[in-house]
Amino acid sequence: MDPDAVKSTLSNLAFGNVLAAAARDYKKEVLANEKAQGSRPVNEEVDLDDLMDDPELEKLHADRIAALKREVEKREAFKRQGHGEYREVSEGDFLGEVTRSDKVICHFYHKEFYRCKIMDKHLKTLAPRHVDTKFIKMDAENAPFFVTKLAIKTLPCVILFSKGIAMDRLVGFQDLGAKDDFSTTKLENLLVKKGMLSEKKKEEDEEDYEYQESIRRSVRSSANVNSDSD
């Protein structure tokens, strides 16, 4: 074979390899640019005012504000009825306290009984969590009429009232594992099961989370807009 022909052929092959490599590099660069452009924020040219005027965000915000306002008004009404705290009442005030609220939890206690102090601790924790239920306590020694009328023989005794009627009771710790170290959550779940406490708090927490997330998303979006425009 002619040496010059061989040389020419090798030269052409080398040149072809260079072109192929260059083509591959170019293709990689184009794909990289397209990917970079595709990953850029879609709303990079959206004005912040336009973002805040988004109808869906405005409606979500308005609905949440209205819900919070209703909740505040409801809580204030309950507080005027003595809800939101664990209070001691006298025998003379007992009937009025029980009949003025739809749901009332009353703990009949003795100040010297250790288990009554344990129940006090848990009820005091639950009272501000569940404002729609009234939490009260009464010294059994100072309420002989109602202790007899309600046939209370063992303390602590927690009577559950619905619209002024004694519907159920917790006697000692029988329904709580018969041990002193039960948790507040265990008592709370028992009272929920008996219909004395509402589970709406969990739903409200989820609504708050969704609302806060929408605000965070809008803030992150506006931050992207500002960073791109600098």
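**Helix α5 and its surroundings**

Guide: In this predicted model, α5 has 13 residues and reaches 19 Å from its first C-alpha to its last, close to the 18 Å expected at 1.5 Å a residue.

Visitor: Why is 18 Å the span expected of α5?

Guide: The expected span is 1.5 Å times one less than the number of residues, and α5 has 13 residues, so the expected value is 18 Å, to which the computed 19 Å is close.

Visitor: What makes residues of α5 count as buried, and which are they?

Guide: A residue is called buried when its relative accessible area is under 20%, and in α5 this applies to Cys116, Ile118, Met119, Asp120, His122, Leu123 and Leu126. The buried residues of α5 pack against β1, β2, β3, β4 and α7.

Visitor: Which residues touch the most other members of the largest nonpolar core?

Guide: Of its 19 residues, these are Ile105, Met119, Phe135, Leu187 and Leu191. The elements α5, β4 and α7 each supply at least two residues of this core, and the largest share, four residues, comes from α5.

Visitor: How do you know that β4 pairs with β2 and with β5?

Guide: Pairing requires at least two bridges between the strands; β2 and β4 have six, in the antiparallel sense, and β4 and β5 likewise pair in the antiparallel sense over six bridges, so both cases meet the requirement.

Visitor: Why is β4 described as mostly covered?

Guide: The description is used because five of the six residues of β4 are buried, with under 20% relative accessible area.

Note on methods. Residues numbered from 1 in each chain as written. Predicted model: local features only at pLDDT ≥ 70, side-chain atom pairs only at ≥ 80, totals over all residues. Heavy atoms only, no water. Core = buried A, V, L, I, M, F, W, Y, C linked by side-chain atoms within 4.5 Å. Buried < 20%, exposed > 50% of the residue type's maximum accessible area, 1.4 Å probe, protein only. Contact = heavy atoms within 4.5 Å.
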